[in-house]
Amino acid sequence: MAVIRDLTFQGAQMLLVLLLAPLLTGFVRKVKARLLRRRGPPLLQPYRDLVRLMRKDVVLADNASWLFRVTPYIVFAGTWVAASLVPTFRSGLLFSWSADLIALIALLGSARFFLALAGLDVGTSFGGIGSSREVMIASLAEPAMLMIVFTLALVAGSTQLSTMAAYLASGEAGLRVSLGLALLALIMVAIAENARIPIDNPATHLELTMVHEAMVLEYSGRHLALIDLSSELKLLLYISVIGCLFTPWGIAAPNGGAQAIGIGVVTYIAKLAIGGFLLAMFETSIAKMRVFRVPAFLGAALMLGLLATLLLFVSRSL
Amino acid sequence: MIIDALAGVLLIPALAAALFAALPGYRVTARLNVLAALLTFLTATSLFFVEPKSGPYLLVDDLNKVFIVLTTFVGFTTSVFSASYIGHEIEIGRLTPVFVRFYHSMYQVLMLAMNLALVANNIGLMWVAIELATLTTVLMVGIYRTHEALEAAWKYFILGSVGIALALFGTILVYLAARPVIGEGLYAMVWTVLVTRAAQFDPALLNVAFVFLLLGYGTKVGLAPLHAWLPDAHAEGPTPISAVLSGLLLNVALYALLRFKMLLALNPVAIAPGPLMVTMGLISCVFAAFMLYRRRDIKRMFAYSSIEHMGIIVFAFGMGGPLANFAGLLHMTMHSLTKSAIFYAVGHISQVKGTQKIADMGGLTVTNPVLGWSLVLGVVAIAGLPPLGIFMSEFLVVSSTFAREPGLAIILALGVLVGVGGLFMRLNTIAFGEPRGPTARAKASYIPMFAHFAIVFVAGIYMPPALVTGFQNVARLLG
Amino acid sequence: MRGLSFDIAHMLAGSLVLVSFMQLYQDRLYSLLNIYALHALVLAASVAWQAFVQDAPHLYLTAVIALVFKAIVIPTALHRIIVRLGIHREIETVVGVGPAMLLGMGLVALSMVVMLRVTAEADPLAREDLAFALSVVLLGLLMMVTRRNAVSQVVGFMSLENGLVLAATGAKGMPLVVEISVAFSVLIAFIVIGIFLFRIRERFDTVDVQALDRFRGERR
Amino acid sequence: MIVAYALYGVAALLGLAPVAVILAASRHASNVIYSASLIVTVALGVIGLVSLSGPALSTITLPLGLPWLGAHFRIDALAAFFIVVVNLGGAAASLFALGYGRHEESPQRVLPFYPAYLAGMNLVVLSDDAFSFLVSWEFMSLTSWALVVAHHRERENLRAGYVYLLMASFGTLALLLAFGLLVGPNGNYTFDAVRAAHPSEALATLAVILALVGAGSKAGVVPLHAWLPLAHPAAPSHVSALMSGVMTKVAVYGFVRIVFDLLGTPDWWWSMLVLAVGGVTAVMGVLYALMQHDLKRLLAYHTVENIGIIWIGLGLALAFKAHGMAVAAALALTAGLFHVFNHSVFKSLLFFGAGAVLNATGERDMEHLGGLIHRMPHTAFVFLVGCVAISALPPLNGFVSEWLTFQAILLSPQLPSWGLKILVPAVGALLALSAALAAACFVKAFGVSFLGRPRTPAAADALETDSISLAAMFIFGALCLVAGILPGIFIDALAPVTRALVGVSMPQQTGLDWLTIVPIAESRSSYNGLLVFIFVTLSGSIAAFAIHRLASDKLRRGPAWDCGYPDPNPATQYTASSFAQPIRRVYGTTVFRAREVGEMPPPGATAPARLTVELHDLIWDAAYAPIAAFIGYAADRLNVLQFLTIRRYLTLVFAALVLLLMVLAIWP
């Protein structure tokens with residue numbers, strides 16, 4: 001019985017993230033437009049785009065291989081699974097223990113791995129630019145992310161998201177310098193990973209500075225839809241990770257009743273909204289940076305993460 | 001009867017020498033040469049079975065038994081090799097039958113001299129024998145009568161005679177040291193007597209004597225900086241002689257050195273001979289290792305490697321102690337076998353290629369697989385890589401020294417490493433790469449070479465207990 | 001008698017060292033050979049005196065060998081050779097005569113120091129003789145080192161051998177085998193050298209060792 | 001006596017060598033030899049498995065080797081595990097070679113040494129006294145050297161062999177000195193005697209350093225790695241697989257044997273050394289790899305990286321063991337050893353793939369490849385599996401062992417000593433960095449050589465490799481997946497080893513529900529490769545099904561879009577070096593002093609525009625070049641002594657005499 005219940009919650013979570021992701025993106029776009037004094041696209045525009053793309057035929061480059069066609073599904077599946085393992089409105093999901101935070105990051109890593117390969121598959125110069133820059137960014141972002149994980153894991157004594165969230169919510173952790181550093185670093189990494197300004201511009205084409213878009217340039221139709229959907233999922237994922245780790249309030253306990261669940265959902269959506277709003281603010285208030293200043297940016301994140309970990313290692317011993 | 005065996009070891013070569021001087025026709029002589037060497041070898045092995053009894057002139061004990069058997073064995077295999085080698089030399093007209101007659105007779109004289117030096121119980125007699133051996137080899141080195149050969153022989157002769165003189169002076173000093181204790185006359189020069197009374201000898205005289213003996217016989221051993229004759233003599237003489245020089249004559253001189261070392265070690269007041277030998281051994285090893293890098297002549301290269309190994313051996317004996325002495329003996333045996341085998345290979349190679357210049361030979365494993373791979377095997381063995389015999393001895397030398405004198409062990413080991421580098425640098429050119437030079441098949445008898453390699457290989461994996469106990473006795477004897 | 005015999009032996013040995021110095025002093029091959037003859041002569045005298053002192057008749061034989069071979073046969077033969085090779089006047093030394101002399105002094109001092117450490121109860125006769133013999137040996141070696149010319153090097157070598165004979169005869173009651181071997185060695189040495197000189201004569205126009213050294217086995 | 005059977009197997013392998021020499025002429029030689037060694041290695045592997053599971057520790061003494069000592073052999077848990085690793089790799093290589101070996105142009109230079117090489121590696125693991133250990137160790141190096149110079153007509157192969165042999169001898173020398181220290185002058189070289197010896201702290205420390213140098217030089221630890229990227233690619237590919245996948249593991253075995261087993265309780269700062277070396281090795285290895293465009297050399301450099309990861313695991317285990325934290329030590333050691341196994345699997349697999357490509361195209365240079373996924377689909381697929389595995393991405397096996405290592409790192413705050421407190425997080429960062437860079441590197445490796453458009457005719461008409469080679473590759477590919485989704489089995493198999501070395505082992509894994517692995521406690525961390533795998537495949541296929549059903553499944557082919565600038569010339573694709581350019585600019589400028597010199601001719605000039613990239617191998621320049629220069633200098637100086645005149649030689653003698661006499665004169 002309990003298993004059925006957990007399964008339903010797990011399924012609900014998966015559906016929830018899937019449904020919320022485009023909305024979040026639409027929301028961010030809308031806010032950005034408003035901040036620029038434009039009316040901007042309607043909130044539901046991303047859904048429409050997805051549906052439209054789904055219906056279109058796929059135009060495949062002549063020498064695209066099977067890998068090119070499989071990749072969108074792999075990327076989507078990886079991101080989706082990752083997103084559905086993050087405690088959003090209710091902790092202690094059925095399968096949350098099957099992959100801890102490190103594994104989540106690694107899952108996103110595999111998604112990126114295949115995407116980068118797909119960028120090289122057709123053998124165009126833009127694809128090459130895209131994937132080579134993508135892996136360069138990732139080679140800095142992933143260690144930074146792992147350092148952040150170390151920090152949190154050392155505080156919470158676990159790499160399980162649920163446990164971490166619970167611990168941080170309990171307030172035993174208290175306010176720590178390293179947590180602040182970790183948050184900062186995490187935000188920087190999130191911006192980089194989601195190809196937002198100032199690292200990359202999601203709304204651009206035909207620029208030699210583009211990274212993510214260049215990689216997926218050859219995709220069309222349903223493939224493109226999946227790619228877009230998974231990047232939206234990724235954005236959602238990062239915001240909810242930040243939410244559940246640094247604002248761990250309102251998440252329903254595993255044994256919480258319907259009311260707790262309701263609170264959980266509401267607070268979760270609120271967190272997303274705030275996160276999206278802040279992101280939009282940030283993006284509108286800053287300019288895109290040159291590709292080769294990105295390493296400095298991410299290096300800073302890595303250093304912050306390492307610093308946070310070191311502080312913990314030292315303070316733990318006192 | 002022991003006297004018979006001893007006499008046989010000396011008489012067979014003597015008679016053979018006389019006979020060969022008389023006989024024309026090199027083919028018969030070559031066969032007889034092999035026969036004589038074989039007989040000598042058999043006689044020598046019989047020494048193991050009949051309990052020896054030493055007279056005032058001749059002596060057989062555990063120490064020189066090992067040396068005699070080794071000498072006669074390598075002498076035998078070399079005679080087999082030399083038969084085919086000389087045949088080729090006559091075909092290409094490098095040697096005339098007259099010289100070959102001379103050569104064979106000299107070969108036996110050399111055997112005689114070395115055996116005599118080994119069985120001599122009288123330091124004077126031993127000196128005479130070693131000197132005889134030197135003069136014979138001088139003549140044989142010069143036998144090709146080319147400019148280089150003459151120069152080598154001349155160099156060898158001058159340096160050798162100086163060495164002889166120094167050794168004689170040392171011998172006289174030993175006698176002078178012994179005389180007050182033992183009394184005038186013959187017995188003041190007899191080993192068996194000397195060792196019993198060495199403790200009372202005058203230390204100062206012994207010291208001076210040892211210095212002269214070390215330099216005198218050290219010249220024959222080829223220790224740096226007295227080595228100068230060795231590379232050229234090896235390079236310019238006929239290859240069988242190179243094999244005998246490296247495989248045997250050096251050992252004989254070393255044997256003399258060891259005897260005197262024992263003598264000095266018995267005297268508490270005299271300087272310890274060990275440090276001197278260790279120093280010269282290290283110098284020779286390291287120096288020769290560096291010299292390997294710039295060699296262009298294949299025989300000269302292996303001559304330098306002989307210097308290196310003599311350095312290691314002298315080092316081991318200088319360190320002393322049962323383990324190091326055992327290692328030294330083992331190393332000496334293995335080096336004799338390996339190095340002579342290498343020289344057999346090199347002889348055939350230089351005959352095939354018609355040159356000794358390393359630059360003019362290449363890709364040997366392609367053109368002459370047997371010779372090429374034998375050379376590779378030989379170099380692997382001489383470089384001290386397992387599973388061949390020299391690895392075991394070097395292992396023992398280094399590890400036993402490292403426990404006592406870490407610094408020295410490290411220097412020695414690095415020297416060996418440098419030597420490995422030099423050897424393989426050349427081996428790459430000779431054995432591998434694109435073939436260069438003539439690619440005729442070699443008309444050669446590989447048996448002696450393979451026999452040596454087989455022994456070295458087996459010894460690296462399994463040593464018969466009898467041999468081990470024998471070596472251990474000798475090691476204990478050397479103290 | 002004892003003292004006198006000692007003094008005479010001492011004097012002879014000392015004069016041998018002196019003659020070695022004279023050899024070092026020579027700068028002409030011809031006169032060098034003469035001095036070498038003198039060297040051998042003195043040696044013969046000292047050996048004879050030793051024979052008389054030790055009343056060991058076999059030493060007279062050695063004295064005769066020294067006299068005949070070293071003082072007469074060899075010098076004359078070498079004269080012939082150098083005349084035939086036409087090199088009887090030139091002789092190039094590496095270091096000048098003066099430095100050579102100084103080096104010689106140092107060597108003699110060294111040999112004294114080394115030998116006088118020998119405890120005196122080994123009889124003084126042998127001890128003094130040894131000191132002188134050692135100096136003669138060293139001086140002979142010095143001569144071989146400081147002369148470029150093959151003949152003079154041979155001469156140096158032979159005076160070295162003379163030192164050995166001096167030592168051997170000084171060693172009281174040393175078995176005959178040694179003297180014979182010494183003479184024997186000199187004989188062999190001379191023969192072989194002769195052979196070499198002839199071969200060299202065939203091949204080159206000079207017996208200068210440097211001419212031999214032109215061929216290094218390995219071309220640079 | 002199970003060890004006796006193992007020795008029979010080794011003897012059989014050794015016996016194959018002369019057979020190969022005899023058969024050299026015949027056509028069937030390679031089939032005979034490789035199938036025979038396949039059988040024997042499989043048998044040996046089974047022996048290893050049996051003794052790993054069953055009661056281990058069986059010993060035997062043969063009257064060989066040092067006469068008064070004899071040759072001691074023994075199988076314990078550690079040896080058994082490594083025998084499994086060695087012979088698994090050996091069997092796969094033999095199977096692969098059954099197909100691959102047909103194309104060998106000079107089999108008589110490979111066949112005799114191949115089985116001997118396998119025998120040597122087995123002997124190292126089996127031997128139980130210092131002498132047999134060193135003999136087998138050097139024998140292994142020697143045979144592999146012969147295999148490296150098998151294609152001796154290319155000069156660089158000879159050079160590779162030369163450097164390799166020297167470094168190998170150097171390593172053996174270091175080990176010899178280490179044993180000399182531990183054994184002492186009495187000359188009892190059995191491992192039991194060494195265990196009993198309990199050397200003083202200073203001695204033990206020196207021995208550890210020597211062991212680190214000796215075993216490390218064979219394993220390819222920076223800065224002793226210089227020979228590895230030269231030698232491994234030079235050999236025939238199945239031998240490269242053995243050298244990279246297996247021989248480096250034998251080196252790891254040597255280190256573990258000496259440091260964990262023979263030396264007893266470690267000193268805590270040994271682990272500092274090991275950890276630092278490991279971290280540097282991991283990052284440097286992958287950075288070197290990123291700069292390569294020779295496929296096999298790139299793989300060789302990745303071996304260096306993975307050795308670094310293994311070293312980190314071992315270092316952590318040492319640290320925990322030194323502080324008596326047995327459970328954590330067990331975790332770290334398991335992580336390291338599990339990575340040993342994993343790396344041997346996927347590295348062999350990748351080298352097989354590289355060999356197949358080399359066969360099909362005759363090219364090792366990635367700049368001349370491309371588009372092979374169309375011509376060699378199976379090879380491409382299984383090579384991709386290897387790439388994912390080595391990039392430490394779930395759900396394959398590479399990720400599991402790195403995940404375990406991370407878990408071990410997360411336990412390190414409990415370490416009391418401060419040095420480790422500072423060092424371990426830094427090492428963790430290096431480990432993370434190397435993992436990310438490895439992914440980047442294999443995107444490049446696979447993308448440039450298998451994807452895109454063929455850059456040369458050779459690549460354009462490559463043919464799929466033979467089925468036997470494919471079989472070998474697919475077996476290992478499957479193994480990567482199994483070890484990735486069911487790691488519990490392998491972790492439990494390692495339990496006896498850790499129990500033997502650090503006293504305890506990780507908790508039993510296979511019993512847990514859903515086959516999860518839980519290193520310490522479920523609240524702390526857990527990973528379930530199986531579920532993740534099922535999840536991803538399910539959701540992926542559901543999405544595909546749904547889309548194809550509900551939305552369109554139509555597909556049109558057309559020319560590439562490429563922002564409207566399609567260029568038919570394959571030269572406009574990204575090459576390996578251009579792919580690495582961003583990373584080169586980020587890291588290379590400091591690590592390799594990388595410089596890009598671009599010369600652009602003025603408009604109208606017919607000269608082509610050039611971009612030249614220059615890289616410096618600083619380690620080589622700093623450590624190896626000076627030594628070579630010194631030796632050359634000394635050789636030149638001393639060589640003068642060959643050309644002196646006789647008189648000068650006499651002067652030498654004279655000087656020596658005078659010197660010694662002076663010594664006497666001043667002697668007290």
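What follows is a quick talk through the chains, their contacts and a few local features.

Trainee: Before anything else, what kind of model is this?
Mentor: This is a predicted model. Local features are taken where pLDDT is at least 70.

Trainee: Start with chain D. How many helices and strands does chain D have?
Mentor: Chain D has 24 helices and five strands.

Trainee: And what does the C-alpha trace of chain D span?
Mentor: About 105 × 70 × 60 Å along its principal axes. The radius of gyration of chain D is 27 Å. A compact globule of 668 residues would come out near 26 Å, so the value agrees.

Trainee: How much of chain D counts as buried?
Mentor: Of its 668 residues, 61% are buried. As for contacts in chain D with a separation of 6 or more, 79% link residues 24 or more positions apart.

Trainee: Let's pick a helix. Is helix 4 of chain D enclosed or exposed?
Mentor: Largely enclosed by the rest of the structure, because 14 of its 14 residues are buried. Helix 4 of chain D covers residues 113–126. From first to last C-alpha it reaches 20 Å, close to the 20 Å expected at 1.5 Å a residue.

Trainee: Now a strand. How many residues of strand 4 of chain D are buried?
Mentor: Zero of its five residues. Strand 4, residues 595–599 of chain D, is hardly covered.

Trainee: Which strand does strand 4 of chain D join?
Mentor: Strand 5 of chain D, residues 610–614. Five bridges hold the pair, and the two run antiparallel. One bridge puts D:Gly598 with D:Leu611 of strand 5 of chain D.

Trainee: Where does the domain assignment put the bounds in chain D?
Mentor: Domain 1 of chain D is 574–614, and domain 2 is 619–665. The centres of these two domains of chain D are 47 Å apart, taken over C-alpha atoms.

Trainee: Switching to the assembly. Which pair of chains has the most contacts?
Mentor: Chains A and D, among the four pairs that touch. Chain D gives 69 residues to that contact, and chain A gives 75 residues.

Trainee: Which elements of chain D give two or more residues to the side that touches chain A?
Mentor: Among them are helix 14 (372–375), helix 16 (397–410), helix 21 (529–550) and strand 3 (555–558) of chain D. The largest share comes from helix 17 of chain D, with 14 residues.

Trainee: What's the make-up of that side of chain D?
Mentor: The residues of chain D touching chain A divide into 41 nonpolar, 19 polar and nine charged.

Trainee: How does strand 3 of chain D run against strand 1 of chain A?
Mentor: Parallel, with four bridges joining the two. Strand 1 of chain A is residues 58–61. A:Leu60 stands opposite D:Arg557 in strand 3 of chain D.

Trainee: How far is chain A from chains B and C?
Mentor: Chain A does not touch chain B, and their nearest C-alpha atoms are 40 Å apart. Chain A does not touch chain C, where the figure is 55 Å.

Trainee: One residue in chain B, then. Where is B:Leu6 found?
Mentor: In helix 1 of chain B, residues 2–22.

Trainee: Why does B:Leu6 count as buried?
Mentor: Because B:Leu6 has 25 C-beta neighbours inside 10 Å, and the cut-off is 20 or more.

Trainee: What is B:Leu6 in contact with beyond four places in sequence?
Mentor: B:Leu58, B:Val60 and B:Val119. B:Val60 is 54 residues from B:Leu6 in sequence, yet 8.2 Å away in space, C-alpha to C-alpha.

Notes
Residues numbered from 1 in each chain as written. Chains lettered and ligands numbered in written order. Predicted model: local features only at pLDDT ≥ 70, side-chain atom pairs only at ≥ 80, totals over all residues. Expected span 1.5 Å × (residues − 1). Buried ≥ 20, exposed ≤ 12 C-beta atoms within 10 Å, placed from the backbone. Contact = placed C-beta atoms within 7 Å. Nonpolar A, V, L, I, M, F, W, Y, C, P; charged D, E, K, R; others polar. Pairing = 2+ DSSP bridges. Domains from an automatic or database assignment. Rg over C-alpha atoms; globule rule 2.2 N^0.38 Å.
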